[in-house]
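Colleague: Please take a close look at one part of this model, the contact between the chains. Then set that part in the context of each chain.

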Amino acid sequence: MTYWRLIWRNLTRRRSRFVFTLSAIAVGIASVVTLLSLGIGLEAEIRRQAEGLGAELLVTPKGWCAYEQISVLTGESLPEALAAAVVDRIRRIDGLTAVPYLTQRAVIRNQPVPLVGVLAGPMKELRGWGLARGEYRLDGRHVVVGHAVAEQFDLHVGAPLRVRGSEFTVAGVLAPVGNRDDLAVYMDLSVAQRVYRTGGKVSFVAVRVDDVRRIDEYIAKIQSAANVAVVSDKQLLRSVLAIVGSVGNALQLIAAVAVLAACFGITNTMMTAIYERRREIGVLDALGAKKSTIFFVFVGESAVYGLLGGVLGVAAGFAFSYVAAPYIGRDEFTAFLGSEQSVKVFDMGITIEALVFAVLVAVLSGLYPALRAAKLSPVEAIGYE
Amino acid sequence: MSDPILRAEGLSKVYDGGYRTVALEGVSLEIPRGSLTCIMGPSGHGKSTLLHLLGGLDRPTAGKVYLDGEDLTSLGPNRLAEVRSRRLGFVFQFFNLLPVLTALENVQTAMLLAGVPRREQADRSRALLRLVGLEEKMHARPGQLSGGQRQRVAIARALANDPDILLMDEPTGNLDTRSEEDLLAHIRAVHARGKTIVIVTHSESVAAMAERIVRIRDGRVVDGETAARRFTNGRPGR
């Protein structure tokens, strides 16, 4: 006989109560794990996209909000806001390479696809693209497509593509790079400006500098040349992560409420168990159980609820976040999650964190009932009908 | 009285939960080592309270209980639990077995609480269940046993840590005549092994095997007689 066996037998004596209490804690932990998993996936993906930016500075119109900054990384469409003259002034500054982007949206087979108007040469140099098939040709009749877009819509070299009434041909398919570049159609900038009638404007300008140690100097030069906002890639990453983090924190708070409700469930279950088992507690007293032993047995029961509920919750949480990520990723704000491998099917850190959390809150929930059990007078308990 | 193993001096117990009830008042008695003593008296007159105080399950309002000279009333809860675990064995009217455990596990639980190693628990528990004639039922849960069998498991459990004294509260109170006779035979066998036994009972047949009877009325000892005196008076089994 061991204490764990005694605890297990006590827990499973009322199976339905055991299952429901376990389910409550499992649901709470699953929601925490889901949000942690999605949050970590989202952060990893943001970092990956930021690394793929290939530029140290980003020039945007003044007053852009966080959503628009995130869209720079997600490749979602952005309003055309920087005039051609501004772009020219920036490009004339020594020691930097400015690459303008016009991010719009095309429609292929009734599905929206990001379309980016770029300068062919500087863009290829900035992003370090390779070709999977065909040739890298951007002009008034040709576009290139990202690898994932080609796969998704079966766009082979030479395939026709209609954008806002203009006919184009797919000249090449880019080699996969593992970020949002795989998910867009690329068009010559001036052609895109004409097709989308932006009047020569672009959405933003990515800037690569020759000497990163002089980055503050470049920022000052750009700002003196044009009335624009300049953020470094690190600032952009920080601000995007801060926004995503605060949203994640708010969601985790909601998940914590679910866990809190489960804790009350455990407390309630344990209190009920104590009333039902008063006589047994008295018997344990008579057999020589110390108060601390009775306390340990009841806290142990709560801890087992936490551990088992935690294990089930972790499994359900990872499964749900993995399955749900592509659906959640349909929203522009969380579009990162739609890309492959952004959400892990298992993460040891989250698992340990969730299990420790589950056991801890379960133990805390069981403290009061366990104290009540330990304080019972043996005579009162044995005499209880 | 020679060599008392258990001694009570001026024991009083007053319950005061809004309404003051004197359960015991100035009870003094000695339980000789190796004796079989019955405590008898009408219901509600303090028999079980006395047994609980003698066994350290409850604390007296006044008075002392000595077990081999050690004052149980002055012990801390942990030491008292240790004494209950190693030196005393309890048997109750309603069996009070843990329903989720088998007969074997019920006996083992008493050993677990005394810190007996797992392997030793199993061997000793089997031997004890054999002693009370339940080796065939050791894997049965209390719900699968008859009243008499449950009480025999309770006796085996009380003997788990080889206690000096067995304290029994109406052990035959819930048994039919046949089960009662069977149980008494087992109690006699345990007594024959040298155990001191104190039984609270209403049953004359239980009292008949006692060497000494203590009578309680209104919380006081009104009579303490030996078997020799009873038989001399021609009132066996009173």
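**The contact between chains A and B**

The contact draws 25 residues from chain B and 21 residues from chain A. Two residues are in contact if their C-beta atoms, placed from the backbone, lie within 7 Å. On the side of chain B that touches chain A, helix 2 (77-87), helix 3 (103-113) and helix 4 (118-131) of chain B each give two or more residues. Helix 2 of chain B supplies the largest share, seven residues. Helices (H or I, at least four residues) and strands (E, at least two) are DSSP runs, numbered from the N terminus. By class, this side of chain B has twelve nonpolar, seven polar and six charged residues. Ala, Val, Leu, Ile, Met, Phe, Trp, Tyr, Cys and Pro count as nonpolar, Asp, Glu, Lys and Arg as charged, and the others, Gly among them, as polar.

This is a predicted model: local features need pLDDT of at least 70, side-chain atom pairs count only at pLDDT 80 or more, and totals for chains, interfaces and linings use all residues. Residues are numbered from 1 along each chain as its sequence is written, while chains are lettered from A and ligands numbered from 1 in the order in which they are written.

Now chain B as a whole. Chain B has eight helices and ten strands. Its radius of gyration is 18 Å, close to the 18 Å that the globule rule gives for 238 residues, so chain B is as compact as a globular protein of that length. The radius is taken over C-alpha atoms, and the rule is 2.2 Å times the number of residues to the power 0.38. The C-alpha atoms of chain B fill a box of roughly 45 × 45 × 40 Å along the principal axes.

Chain A has 13 helices and ten strands. Its radius of gyration is 30 Å, whereas a compact globule of 385 residues would have one near 21 Å. The C-alpha trace of chain A spans about 95 × 45 × 30 Å along its principal axes. The domain assignment, automatic or from a database, gives domain 1 (3-48 + 244-382) and domain 2 (62-227) of chain A. Their C-alpha centres lie 48 Å apart.

One helix pair in chain A deserves a look. The axes of helix 2 (residues 15-51) and helix 9 (residues 233-276) of chain A come within 9 Å and cross at roughly 175 degrees. Helix 2 and helix 9 of chain A are therefore roughly antiparallel (angle over 145 degrees). Axes are lines fitted to C-alpha atoms, for helices over the stretch in contact, and angles run from 0 to 180 degrees between N-to-C directions.

Notes. Angles under 35 degrees count as roughly parallel, over 145 as roughly antiparallel, 65 to 115 as roughly perpendicular and the rest as oblique.
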